[in-house]
Amino acid sequence: MATKPVTDSLAADQTGATAMVDEGMQIVKAQLASATVLPQKIWETQLAMTSEILAFMGRRMEAQAELCAKLGRCKEISQAVDAQQDFAKSAGGAYADEAERLSTLARKNMDAWTGISAEYVSNWTGAQKAAA
C-alpha cells in the first residue's frame with residue numbers, strides 16, 4: 001500500500017484557522033470584558049432610579065402629613081378647602097418636577113449605555129465591525 005507524501009498544503013489553511021481562532025478569542029475576551037461592565041451599569045441605573053423614586057415618595061408622604069396637620073388646625077370649611085387646593089397645586093408641580101428628574105436620569109443612563117456600547121464596538125477588529 002502506497003502512502004501519500006506529506007505536503008505543507010494544509011499549512012496555509014492552518015494559519016488561516018489559527019488566525020480565525022485568535023480573532024474568535026479576541027471577540028470572546030471583549031464580550032467577557034463587557035459582561036463585567038454591563039451588569040454594573042445595570043445595577044447603577046436601577047439603584048439610581050429606585051433611589052429617586054423612593055426619595056420622591058418620601059417627599060410626597062411628608063407633604064401629605066403636612067396637609068393632614070394643616071387640616072387639623074382649620075377652624076372653618078373655607079380654610080380646609082384652601083389647604084386642599086394649595087396641596088393639589090403643589091402636588092401637580094411636584095409630579096412635573098419629578099418627571100423631569102427621572103427623564104434626566106434616564107437620559108444620563110442611556111448616554112452611559114451608549115458609551116459602553118461604543119467602547120465595546122471600538123475594541124472589535126475591522127472584520128468584526130463589518131460583520132456587525
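Tutor: Glu 98 is buried, since its relative accessible area is 3% and the limit for that class is under 20%. The model is a predicted one, and the values discussed here are computed from it.

The buried Glu 98 takes part in a salt bridge with Arg 59, in which the N to O distance is 3.0 Å. Arg 59 belongs to helix H1, which covers residues 9-73, while Glu 98 belongs to helix H2, which covers residues 77-122; the pair therefore ties together parts that lie 39 residues apart in sequence. With a relative accessibility of 36%, Arg 59 is classed as partly exposed, whereas Glu 98 is buried.

Glu 98 also has a salt bridge with Arg 101, and here the closest N and O atoms are 3.0 Å apart. Both Arg 101 and Glu 98 are located in helix H2, where a spacing of three residues, about one turn of the helix, separates them. Arg 101 is partly exposed, at 38% relative accessibility.

These contacts belong to a network of salt bridges that links Glu 52, Arg 59, Glu 98 and Arg 101. In total, the structure holds four salt bridges. One of them joins Arg 107 to Glu 100, with 4.0 Å between the closest N and O atoms. The criterion places the nitrogen within 4 Å of a carboxyl oxygen, so the stated distance of 4.0 Å for Arg 107 and Glu 100 stands at the cut-off. Arg 107 is partly exposed at 46% relative accessibility, and Glu 100 is likewise partly exposed, with a relative accessible area of 46%.

The structure holds one aromatic pair. The ring centres of Phe 56 and Tyr 95 are 4.9 Å apart and the ring planes stand at 80 degrees, so the arrangement is edge-to-face. Phe 56 is buried, its relative accessible area being 9%.

Disulfides are absent: a search of the whole structure finds zero. Among the cysteines, Cys 68 has a relative accessible area of 47% and is partly exposed. Cys 74 is also partly exposed, at 22% relative accessibility; the boundary for a buried residue is under 20%, so the 22% of Cys 74 lies above that boundary.

The wider setting is as follows. The protein chain has three helices and zero strands, and its elements run α-α-α from the N terminus on. Of the 132 residues in the chain, 15% are buried; Glu 98 and Phe 56 are both in the buried class. Among the contacts between residues at least 6 apart in sequence, 71% join residues at least 24 apart.

Technical notes: Residues numbered from 1 in each chain as written. Predicted model: local features only at pLDDT ≥ 70, side-chain atom pairs only at ≥ 80, totals over all residues. Heavy atoms only, no water. Disulfide = S-S within 2.5 Å. Buried < 20%, exposed > 50% of the residue type's maximum accessible area, 1.4 Å probe, protein only. Salt bridge = Lys/Arg side-chain N within 4 Å of Asp/Glu carboxyl O. Helix = DSSP H or I, 4+ residues; strand = E, 2+ residues; numbered from the N terminus. Phe/Tyr/Trp six-rings, centres within 6.5 Å; stacked < 30°, edge-to-face > 60°. Contact = heavy atoms within 4.5 Å.
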